[in-house]
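Okay, everyone, thanks for coming. Let me put the structure up and then talk through how the pieces pack.

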Amino acid sequence: MAYLTLAAAILSEVVATTAMKYTDGFSRLWPSVGTALGYLLAFALLAQTLKSMSVGTAYAIWSGAGTAVIAAIGMVFLGESATALKVLGVLLVIAGVVVLNVDGAH
C-alpha cells in the first residue's frame, strides 16, 4: 500500500509542477490553484507514505521519479531540448534511485 500512496504522491507532484508552467508567475488563477492543490496533496500523500516506509527510500523514489518524469514531459510535450546529455542525466537520476532502493532492501 505504501508504494501506491507514493505513486499517487509522485503523480500529484508531477501534475502540480506541470501546472506551474502555465501559471505565468502565479498571475493566472486556475493553474496557480492547481499547482497549490497538487503540491498540498503530494506532500500529504508523501507524509502518509512515511508512516510505513523509510524517509530515505521514499524521498529518493519521490524526488527521482518526479524529476525524471518532469524532464521527460518538458522534452516531449513542452518543446524543451532533448539533448543526449539531458537524457543521460535523466537516466543517471533513475539509476541513482534504483541503487538506493537495492541498498535499502537489505
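Axes are lines fitted to C-alpha atoms, for helices over the stretch in contact, and the angles run from 0 to 180 degrees between N-to-C directions. Helices here are DSSP runs (H or I, at least four residues), numbered from the N terminus.

Quick caveat: this is a predicted model, where local features need pLDDT of at least 70 and side-chain atom pairs count only at pLDDT 80 or more, while totals for chains, interfaces and linings use all residues. Residues are numbered from 1 along each chain as its sequence is written, and side-chain values use heavy atoms, with hydrogens and water left out.

So, how do α1 and α3 sit, then? The axes of α1 (residues 2–20) and α3 (residues 55–77) come within 9 Å and cross at roughly 40°, and α1 and α3 are therefore oblique to each other. On the α1 side, the contact (heavy atoms within 4.5 Å) includes Tyr3, Leu6, Ile10 and Val14, and on the α3 side Ile61, Trp62 and Gly66 are among the partners. By type, that's 12 nonpolar, three polar and one charged; Ala, Val, Leu, Ile, Met, Phe, Trp, Tyr, Cys and Pro count as nonpolar, Asp, Glu, Lys and Arg as charged, and the others, Gly among them, as polar.

Now α1 against α2: they pack at about 160°, axes 8 Å apart. That makes α1 roughly antiparallel to α2.

On to the core, meaning a set of buried Ala, Val, Leu, Ile, Met, Phe, Trp, Tyr and Cys residues joined through side-chain atoms within 4.5 Å. Buried is under 20% relative accessible area, exposed over 50%, partly exposed in between, with a 1.4 Å probe and protein chains only. The largest nonpolar core has 14 residues, and Leu6, Leu46 and Trp62 are among those with the most contacts inside it. α1, α2 (29–49) and α3 each supply at least two of its residues, with α1 giving the largest share, five. Skipping neighbours within four places in sequence, Leu6 touches Leu46, Thr49, Met53, Ala58, Ile61 and Trp62.

Last, the backbone. Most residues other than glycine have a negative phi. Asp24, in the loop between α1 and α2, has a positive phi of about 55°, and at 57% relative accessibility Asp24 counts as exposed. Phe26 lies in the loop between α1 and α2 too, with phi near 65°, and is exposed at 51%.

How values were computed
Parallel < 35°, antiparallel > 145°, perpendicular 65-115°, else oblique.
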